[in-house]
Amino acid sequence: MKCCCLTSCFVAFTLAVRCGIASAQSGMQPQTNSGVNTGAPHAAVLDSHNRPITAGGTVKTGPIVFQDVAKESGLATWTHRMGGAQKNFILETVGSGVGLIDYDNDGWMDIYLVNGSTYEAEAGKATPPHAALFHNNRDGTFTNVTAKAGVANDRWGFGVAVADYDNDGWPDLYVTNFGKNRLYHNNHDGTFTDVAEKAGIALGNWSTGATWGDYDGDGLLDLFVPGYVHYDMAFPPGKGRDGTVTSCRFRGAPVMCGPRGLPGEPDHLFHNNGDGTFTDVSASAGVEDKAKYYGLASLFIDVNDDGKVDLLVANDSTPNYLYLNKGKGVFEDASFASGYALNESGRETASMGIAAGDITHDGKVDLFNTTFSDDYKPLYHNDGDGSFTDVSYRMGIAEPTIPFLGWGDAFFDYDNDGWLDLMEANGHVYPAVDDQSWGTSYKQHPLLFHNNAGKLQLVPAVEGSGLAVLGVERGLAFGDLFNDGKIDVVISNMDGTPTILRNVVMNKNHWIELKLVGGAKTPRDAVGATVYVTANGFRQRTDVTSGGSYASSSDPRVHFGIGAATSVDKVEVHWPGGVVETIKLPGVDNIYTVEQHSGVGKLVK
C-alpha cells in the first residue's frame, strides 16, 4: 500500500487508520504468550517509495533541525554490541543507554556510552565489549578516555544514571547490567573507582534504567533501580535442558521469547546512609514491586508540586507505577488512581521510556511514555494533585507513533521558542520484521514533534538530515553539547555506532541555561530542584533530574528558550528541601551558575 499519492505520510497514516485500509498483514492473529505488543495489529503504512514509514517518509526539502555529526566528532570510532545478529533471546534485544556528564568539571558535557556484551564474552571465550567515556574537546570533537578513566564496565550493560551521590561536587556514574551493577565514584582527577560492592548496591541478575533522587529530604541522593526479567544465562527462554532452541511466535513468525510469561526481577530503592553505603528500603518505603513487573525506566520527579519527589516506573507489558511521596520515607502506590498505570483504552502498555515536562505552561509536569509498535505512545496531561489524563489522540500524536517501536524520549525546546518539544528514539526488537509486510522495520528513524503553543506537530524528516538517520535506536540523552545555547541529542544504536544530532536550527530566538549548585542541606548537584522562568509573556518550568528516558541521563543544566525576549522577568528556584529563591540574571544567551543562597546567576566563562 502506497501513501495514496499524498505528500504527507502523516496524513496518509491518519487516513489508513481511520478508514480501515487493508494491508498485507490483514488476517494475522495477535501474538500469544510472547512479545511485548499490547495493541492490536494496525494497517501497514508505506511511503511513496514503498518503504515502511518507520524507515521512510522523508521529504526532499524543508527546515533542517539536526545533522548527525558522529563521524566528525569521533564517536563513530566506538561500536555498541549486544549478543548475536539473530536476536534469539530477549537479553540480546533491549539495548543500552547513554549519559551526559561533565566528569572533569570544565563546563562542557562529556558522553558516556553503555555497551552490551556477547555470550562468548560472558563465557570467558572472547574479549568483552567496552563501554566508552568520550571527553569533550570543546571544538566539536570528543576523545575516548575510557581506559584512563577506568569505566569500561566489561559487563552486559544496559543503563546509566549520573549524579553526585556523595555531595563532593563531582558527578558519579551508576551503571546497570545483567549481572552486578557498578557505582563509579569520581576521583576528581579524571579517573573513577567502582565502589558498588562496598556501597551495597551491586545487586545481580538484570537491572535497567535507574534514577537518583532525595526522596526523604535529608540532602543525600537515594537510588532507585528497576528490575526487568529474571534471566538464566544457562537456560534462557526458549532453550531446553537438552540444548535445543525453540522460538516463540509473533503474528505467526518465529521470534525470541518474552517478556510475557517470564519471571520478573524486582525493583529496589536504596537509601543513602551518608557514609558511602546504602540500605535497601524497598519494602518499608512501599515500592517493593511485589508483582515483579518488567521495569525498564524510572524517574524521581515531583508530579503533584508538594515539594517532594515522587517516583515513576515504566513497565514493559505490565501496568506502570506511580508512587506519590507521602513524606517520612513512605510512598503511596497511586498507579491506577492517578491514571498513569494504563492508557486511555484501559490497557497496560509495553512502556520503554519516560519523558517529563510542562508542555502547556500550566506549571505542572506532563508525562510521555514510549511503547511497542502497533500501539500509540501515551501522553499524560497532569490534571493536578497527581492525576493524569491520556491526551495522545487529542494532541494529535497518537496515530503517527503507532508503527514505531519507541525507546528513549525527552521533552526539550529545540528551537528556543519557549515551548517544550518532544523527541523519541525508535528501533525494533525483532530483526525478522524486515522480512514481513507489517509496515514497520528493524532500523527506524527518530520522531520529533514541535510544540506549537501547546499543540504537538510532527516535524518532517528531510533527506540527509539527522532526523532521517536510521538505527536500532535505544537510549537517548539531550543537552547543550557545544555550549551554544542549542539542545543536541545523543542516541545509542544497538549493534552500531552512536548518533550525535547537532542542533543546526537558524533563528534569532534567545535562551538561558543554569547550572544549579545546592547548599549544605540539599544535594550538591541540585537534583530534585524545580526552576520557573518568566519571559516573553509566559512562565516556564524545568526540573533537575537524573535518569528517565530509556536507561539514560541528560544534561543536568536547565535550559530555557525565551523567543524574542532580550531579558528575563523572573527566575524562581525551588530547591530540594523547600527553600525558594528569586535569582537575578545579568543577561541572556549565556550559561550561568546559580548557587543556593547566592541569589545571583554567575556567568560561566
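Visitor: In this predicted model, in which loop is arginine 251 placed, and is the residue buried or exposed?
Guide: Arginine 251 sits in the loop between β12 (248–250) and β13, and its phi is positive, about 55°, although the residue is not a glycine. Most residues other than glycine have a negative phi. Since buried means under 20% relative accessible area, the 8% computed for arginine 251 makes this residue buried.

Visitor: Alanine 453 also is not a glycine and has a positive phi; is alanine 453 buried or exposed?
Guide: Alanine 453, with a phi of about 55°, lies in the loop between β26 (447–452) and β27 (455–458). The cut-off for exposed is over 50%, and alanine 453 has a relative accessibility of 53%, so the residue counts as exposed.

Visitor: Which residues touch the most other members of the largest nonpolar core?
Guide: This core has 38 residues, and the elements giving two or more residues to it include β31 (510–517) and β32 (530–535). Leucine 516 is in contact, beyond its neighbours within four places in sequence, with residues including Val531, Val544, Val573 and Val594. The residues that touch the most other members are Leu183, Trp212, Leu516 and Val531.

Visitor: Over which residues does pLDDT stay under 50?
Guide: The protein averages a pLDDT of 92, and 94% of the residues score at least 70. Where pLDDT is low, the predicted coordinates should not be read in detail. The stretch under 50 covers residues 1–35.

How values were computed
Residues are numbered from 1 along each chain as its sequence is written. This is a predicted model: local features need pLDDT of at least 70, side-chain atom pairs count only at pLDDT 80 or more; totals for chains, interfaces and linings use all residues. Side-chain values use heavy atoms; hydrogens and water are left out. pLDDT is the predictor's confidence in each residue, from 0 to 100. Contact means heavy atoms within 4.5 Å. A nonpolar core is a set of buried Ala, Val, Leu, Ile, Met, Phe, Trp, Tyr and Cys residues joined through side-chain atoms within 4.5 Å. Buried means under 20% relative accessible area, exposed over 50%, partly exposed in between (1.4 Å probe, protein chains only). Helices (H or I, at least four residues) and strands (E, at least two) are DSSP runs, numbered from the N terminus.
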